[in-house]
Amino acid sequence: MNLYFGQRLKELRNEKGLTQLQLAEIFKVSKTTICQWETNKQEPDLDKLTTIAKFFDVSTDYLLGLED
């Protein structure tokens with residue numbers, strides 16, 4: 001389990017001023033899924049990870065903590 005992803009997702013979401021519910025609607029997942037991602041209880045699949053990176057204009061490596 002990657003411990004960076006949840007923290008970085010939450011930071012990016014907050015920078016855009018979005019709630020978990022709003023982000024869930026954007027990515028077509030449940031609010032519970034966003035919560036699980038942010039608390040590192042679950043990880044998105046590769047397609048969602050790529051979608052998240054594109055939405056926030058960051059690399060997947062950044063989301064996964066492989067680069068700053």
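**View 1. The surface and overall build of the predicted protein.** The protein exposes about 4,300 Å², and carbon and sulfur atoms supply 49% of it (accessible areas come from the Shrake-Rupley method with a 1.4 Å probe; for residues, only the protein chains shown count as cover). This is a predicted model, in which local features need pLDDT of at least 70 and side-chain atom pairs count only at pLDDT 80 or more, while totals for chains, interfaces and linings use all residues. Residues are numbered from 1 along each chain as its sequence is written, and side-chain values use heavy atoms, leaving out hydrogens and water. You will find five helices and zero strands here (helices, H or I with at least four residues, and strands, E with at least two, are DSSP runs numbered from the N terminus). The C-alpha trace spans about 30 × 25 × 20 Å along its principal axes.

**View 2. One side of helix α2.** Look along α2 (residues 20-27) for its buried residues Q20, L23, A24 and F27 (buried means under 20% relative accessible area, exposed over 50%, and partly exposed in between, with a 1.4 Å probe and protein chains only). They cover an arc of only 105 degrees around the axis, which puts them on the same side of α2 (the arc is that of the directions from the helix axis to the C-beta atoms). The buried residues of α2 pack against α1 (3-15), α3 (31-38) and α4.

**View 3. The largest nonpolar core.** Of its 15 residues, F5, L9, L23, I52, F56 and L63 touch the most other members (a nonpolar core is a set of buried Ala, Val, Leu, Ile, Met, Phe, Trp, Tyr and Cys residues joined through side-chain atoms within 4.5 Å). Each of α1, α2, α3, α4 and α5 (60-63) supplies at least two residues of this core. Helix α4 gives the most, with four residues. In soluble globular proteins, nonpolar side chains tend to be buried together. Zoom in on L23: leaving aside neighbours within four places in sequence, L23 is in contact with L9, R13, L18, I34, F55 and F56 (contact means heavy atoms within 4.5 Å).

**View 4. K48 and its surroundings.** K48 sits in helix α4 (residues 46-56). With a relative accessible area of 24%, K48 is partly exposed. Not counting residues up to four places away in sequence, K48 touches F27, K28, V29 and W37. The C-alpha atoms of K48 and I26 are separated by 11 Å, and these residues are 22 apart along the chain.
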